[in-house]
Amino acid sequence: MAGPGEAPADRTYEITLPDTRRIVSPEPHQVAVLWRDVTGNELYARGVEGLAAGDVVFDVGANIGLAALFFTGLVPGLRVYAFEPAEDCFACLKENAARHARGVTPVQAAVGAHEGTAELTYYPQSPAQSSLFPDEDEDRRNSLAYLANSGIHGDSARAFLAEMHQGRRCLVRVTTVAAAVAEHAVDEIALLKIDVERAEQHVLDGIGDACWPRVRRVVAEVHNTDGRLSAIAEQLSWRGFDVETGQEPLLAGTDVHMLLAVRSR
């Protein structure tokens, strides 16, 4: 990948967002859908509502930086630390931040319960579904439901999904929220955004008792398997947050839900 401000590498694609900004992506077909999902997400918008220049956002599971671009567009001057472990996505994240959001600091790492390394399954045809905890059957069910809600059914849906979840494994660095707070000398996390494909609880486990009081808000995509959504909501409530949950219309029939938690004490 080229350095900040230079031309992107040959294996990336130039995409024009609806707001006319040119970005790069390792996959050319899903950017429009992902941008719509980010900008149309009510809880994302409410997560940064009332924040100000200089406030810190941790964007955990940043992918190519679409949420970071959205947040900094809503609140100019935000300081965003964007965590992304996959090499292809991270290279695009760096380029997109350099082009459009100088307040974004890309960090090449997954975020989990403990520092170290872990195996990531990366899906070149669907980078946003890459995961430390892959579940091809669940991803396929969720994708079929999403496509059906978008009006795509039957053979068309199956053709669309034919190669989507063919992944490759790679070893990635893992940090924790607490370690990143110390590394980057962060006094307070105004918003902790989490989108990590079944690793949500691990991110929360890596915050630690001493660091939790520094977190003001959490907005998370939660895969509700084995009661995970209610368990996380209860944990955040116990930590002093008011919690609400919801589901985007296009995700009806999937196990993917959204959660917004705002500190009340």
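This is a predicted model: local features need pLDDT of at least 70, side-chain atom pairs count only at pLDDT 80 or more; totals for chains, interfaces and linings use all residues.
1. Let's start with two helices, α5 (residues 136-149) and α6 (residues 154-161). Their axes come within 10 Å and cross at roughly 135°. Because of that angle, α5 and α6 are oblique to each other. As for its hand, the crossing of α5 and α6 is right-handed.

2. Which residues in α5 and α6 meet? On the α5 side you can find Arg140, Ser143, Leu144 and Leu147. Facing them from α6 are Ala157, Arg158, Phe160 and Leu161. Sorted by class, this contact between α5 and α6 has five nonpolar residues, one polar residue and two charged residues.

3. Now for the cysteines. A disulfide is a covalent bond between the sulfur atoms of two cysteines. How many disulfides are there here? The count comes to zero, with the cut-off for a sulfur pair set at within 2.5 Å.

4. Cys89 and Cys92 show you why. The cysteine sulfur closest to that of Cys89 belongs to Cys92 and lies 6.9 Å away, so the two are too far apart for a bond. Start from Cys92 instead and the closest cysteine sulfur is in Cys89, again 6.9 Å away and too far for a bond.

5. Are Cys89 and Cys92 buried or exposed? Cys89 has 1% relative accessibility, so Cys89 counts as buried. Cys92 has a relative accessible area of 0%, and therefore Cys92 is buried.

Note on methods: Residues are numbered from 1 along each chain as its sequence is written. Side-chain values use heavy atoms; hydrogens and water are left out. Axes are lines fitted to C-alpha atoms, for helices over the stretch in contact, and angles run from 0 to 180 degrees between N-to-C directions. Helices (H or I, at least four residues) and strands (E, at least two) are DSSP runs, numbered from the N terminus. Angles under 35 degrees count as roughly parallel, over 145 as roughly antiparallel, 65 to 115 as roughly perpendicular and the rest as oblique. A crossing is left-handed if the near helix is turned anticlockwise from the far one by less than a right angle, and right-handed if clockwise. Contact means heavy atoms within 4.5 Å. Ala, Val, Leu, Ile, Met, Phe, Trp, Tyr, Cys and Pro count as nonpolar, Asp, Glu, Lys and Arg as charged, and the others, Gly among them, as polar. Buried means under 20% relative accessible area, exposed over 50%, partly exposed in between (1.4 Å probe, protein chains only).
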